[in-house]
Amino acid sequence: MTENFVRAGLHRAVDGIEIPQHLWASIQKKHVFRRNRRLYLRRVGLMATVLLIAIAIPLGSITSAFADDAEKSWLLRNGVGTFTITFVQNIGEKVAEITPDLFMPTTLSHAKQIAKIPIKLPTYLPEGITINDDTPTLVGRFGSAETVAIRVTQKFLTLDGSGRTISAESELLDIRETSATDVTMVGSDQGYTVEKVKIGENDGLIVLQTKSSLPLFINWSDGRYWFRIFCSSADRDTLIKIAESMR
Amino acid sequence: MPSAEIELIRRCKNHDEAAFAELYQQHIQFAYGTALILVKNPNVATDVCQEAFLKVFQNIKRFRDGEPFRAWFYRILINEAMRLTRRMIRWPIPTDKIPEKWSPSANNPETAAVSKELCIEIWESVQRLSPKLRVPLVLRYYADLSEDEIAKTLHIPLGTVKSRLNRGREGLRRIFPKTVELLGGVYHD
């Protein structure tokens, strides 16, 4: 009884009030408008995505081209100012490079005092090449990694293309040692071949020029540090002999 | 849920415009009445219904088959009504819109026994209840939702619905002395 009267009262109150005739037409109109708006926004979003992908593809190509340039230039980075150390990780597949963010040109005696790693030196060197306390040495830091480069060069006078006499410098010996383990991988370089060698008990790799078979450098690790040696006048066996004499 | 309603909703999910119109025709009467009782203003009740139906049409694919459709629909409707009346604008009951004479339908013969003045007093009594008690009362006695459907509409336990309906009825007795007689009881303060 109670519920029936509440129900009856509420129905009596509102059921006689007419529903606006235009309501359904208005709902239909807005429904179509909102659906079209959603479709429009979806299409705009799709177009934006397509545009983004279209822009990203050439960007990817630029990145790739840049990487190719970096790959080709890795052996040219042996000047004093760049101080790049290169390791061949796998035969013909991976090359690791470390470019220190800080380097200090100094002498060997000073380098021995400031370097955080013990500097190993070869006890055997080919005739005409010597290392002493004044030998130019670079100490580089890359994060927590310490790298030392000992460079023996020969200066001489020569003529340039216009006939003028200029002073030139050629590299005779380059010994590099690093404690770096975290290295950046780049692709292999064309025009060089790599072979496995033994440096004492350790495995090493020797990089040779493909055309002449002349060694460019040799690198290996003693389990704690990585080493790389370049010697301009050394053949394959001489280079291995220098490496094995490192103490 | 009846199989005809399941089929109708399936058609709505496939963007059948005729099915939308049918769904509107089936629910507009009680939806408009419910909104009107809650917001009291015919224009606002129209806006509430419009937004509720638009949201139903837009989100019909989210409706899970097997759930009671009325519970889902009235949840949207109540939310819209609450959203549009959140600014606490208190409209008066549109007494001029209520017809003097009323021909009750065969389904509601009791309405013949209720005069215009009495139905206004009942409406006013319902309005004085707090929204927590008012909404379940309107859904139960006007929209004719079951207690279980009200629980699903308002996301509250069934026991809470029963308790609120009891408290709503009790509230009506306190607010309106004439209703006390109608509801068949004596209120002692």
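Predicted model: local features only at pLDDT ≥ 70, side-chain atom pairs only at ≥ 80, totals over all residues.
1. The crossing in which H3(B) passes H4(B) is right-handed.

2. As for the residues behind that crossing, H3(B) contributes B:Val44, B:Asp47, B:Val48, B:Cys49, B:Glu51, B:Ala52, B:Phe53, B:Lys55, B:Val56 and B:Asn59, which meet B:Phe69, B:Trp72, B:Phe73, B:Ile76, B:Leu77, B:Glu80, B:Ala81, B:Arg83 and B:Leu84 in H4(B). Sorted by class, the residues of this contact of H3(B) with H4(B) comprise 13 nonpolar, 5 charged and 1 polar.

3. A further helix pair in chain B is formed by H6 (residues 131–141) and H7 (residues 147–154), whose axes come within 10 Å and cross at roughly 135°, an angle that makes H6(B) oblique to H7(B). The crossing of H6(B) and H7(B) is right-handed, and the contact is made by B:Val135, B:Pro136, B:Leu139 and B:Arg140 on the side of H6(B), with B:Glu147, B:Ile150, B:Thr153 and B:Leu154 on the side of H7(B). The classes represented in the contact of H6(B) with H7(B) are 5 nonpolar, 2 charged and 1 polar.

4. B:Asp144, which lies in the loop between H6 and H7 of chain B, has a positive phi of about 65° although it is not a glycine. With a relative accessibility of 41%, B:Asp144 counts as partly exposed.

5. The other case is B:Lys40, a residue other than glycine whose phi is positive, near 75°, and whose place is in the loop between helix H2 (17–39) and H3 of chain B. B:Lys40 has a relative accessible area of 13% and is buried, the cut-off for that class being under 20%.

6. Helix H8 of chain B, covering residues 158–175, has 18 residues and reaches 26 Å from its first C-alpha to its last, which is close to the 26 Å expected at 1.5 Å a residue. Within H8(B), the buried residues include the arginines B:Arg164, B:Arg169 and B:Arg173, together with B:Val161, B:Leu165, B:Gly168, B:Gly171 and B:Leu172.

Technical notes:
Residues numbered from 1 in each chain as written. Chains lettered and ligands numbered in written order. Heavy atoms only, no water. Helix = DSSP H or I, 4+ residues; strand = E, 2+ residues; numbered from the N terminus. Expected span 1.5 Å × (residues − 1). Buried < 20%, exposed > 50% of the residue type's maximum accessible area, 1.4 Å probe, protein only. Left-handed = near helix turned anticlockwise from the far one by under 90°. Contact = heavy atoms within 4.5 Å. Nonpolar A, V, L, I, M, F, W, Y, C, P; charged D, E, K, R; others polar. Axes fitted to C-alpha atoms, helices over the stretch in contact; angles between N-to-C directions. Parallel < 35°, antiparallel > 145°, perpendicular 65-115°, else oblique.
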